[in-house]
Every structure is written in C-alpha cells, then in structure tokens.
Amino acid sequence: MGLQELKNQAEERVAYRGHELGQWRPGSFWQRQANNECRHCGKWVQVDTEPSPNGIDIGGPAVALNCGGGNFHENLKYIARQLGDIHCDSLSHAERKIFEKLCEMDYMEKSIIHGEPVAKVA
Ligand SMILES: [Zn+2]
C-alpha cells in the first residue's frame, strides 16, 4: 500500500479513537515512513509502507488507545470557561454548536434562569 493510502487509513483509525492529528512528518526512512501525533493528547501514530517481518504498517498508541488524556479534558474545560463568559444571545452559530456539544459531554449546562451557557468546571 502506498504511503498516502496508509496515512488516510491511519487518520480514519485514530479518529475512531477520538484523536485529531496534526501535520505528518517524514520518519527515519522518509520514503516509506511518516509520523504524526494527536493535537490533544500527544499519542503518536506511525505508518510504514515496508514494515519489518514482525512490524505493522500502521502502529502506535494513537491506534490502540482512546483519546481523553489530561490535555484533552483540560482543553474542553478551558473552552467551556470561555463560552461561559459570552451572553447567550450573542453566541455565533458555531459557538452555539460547540455549546450544545459541550452540554452533551457534560462540560457545560444552560443556566435555569436565563438559558445562558454555564461552565461546569470540576
Ligand atoms: Zn488524542
């Protein structure tokens, strides 16, 4: 399989585990390897078009483990606090979507009185 195909497959697999990758970088064998890391938790993934007999073409902790490391949680809490400072009627469409998502994930709730975004910072 070509390097680009492997990168695409790797992106799909780690997205399934909640990771979001940054830029691909060439590995030590740059023609056949590339590395990437999750922007949130730092777990890495490597692809290799010619893995050793015991090796695998897509490997690394980002493939095996879910996202949700400390940084990811802290980032969401930070976003919740920022959104909590905005008045409900001045939320943009995108902010409202994020607000709703953060409510689903239990990082935020609507104020009972005004329906304003309230961060649930634990
Ligand atoms: Zn991650």
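This dialogue reads a few features of a predicted model.

Reader: Into which domains is the protein divided?

Author: There are two: domain 1 covers 3-64 and domain 2 covers 70-119. Their C-alpha centres lie 32 Å apart.

Reader: Why should helix α1 span 20 Å?

Author: Each residue of the helix accounts for 1.5 Å, so the 14 residues of α1 (residues 3-16) should span 20 Å. The end C-alpha atoms of α1 are 20 Å apart, in agreement with that expectation. Just after α1, G18 has a positive phi of about 90°.

Reader: In what order do the strands of the sheet lie?

Author: The order is β1-β2-β3-β4, in an open sheet with antiparallel pairing. Its edge strands, each pairing on one side only, are β1 (25-26) and β4 (58-59). Strand β2 (residues 33-37) is joined to β3 by five bridges; N35, for instance, has Q46 in β3 as its bridge partner. Helix α1 packs on this sheet and touches β2, β3 and β4. The direction of α1 makes about 150° with that of β3.

Reader: Which residues belong to the largest nonpolar core?

Author: The general idea is that nonpolar side chains tend to be buried together in soluble globular proteins. Here the largest such core has 11 residues, including A10, V14, C38, V45, I58 and A62. Two or more of its residues come from each of α1, β3 (44-48) and α2 (61-64). A second, separate core has eight residues, among them L76, L83, F99 and M108.

Reader: With which residues is C38 in contact, leaving aside neighbours within four places in sequence?

Author: They are V14, H19, E20, L21, K43, A62 and C67.

Terms used:
Residues numbered from 1 in each chain as written. Predicted model: local features only at pLDDT ≥ 70, side-chain atom pairs only at ≥ 80, totals over all residues. Helix = DSSP H or I, 4+ residues; strand = E, 2+ residues; numbered from the N terminus. Expected span 1.5 Å × (residues − 1). Domains from an automatic or database assignment. Core = buried A, V, L, I, M, F, W, Y, C linked by C-beta atoms within 7 Å. Buried ≥ 20, exposed ≤ 12 C-beta atoms within 10 Å, placed from the backbone. Contact = placed C-beta atoms within 7 Å. Pairing = 2+ DSSP bridges. Axes fitted to C-alpha atoms, helices over the stretch in contact; angles between N-to-C directions.
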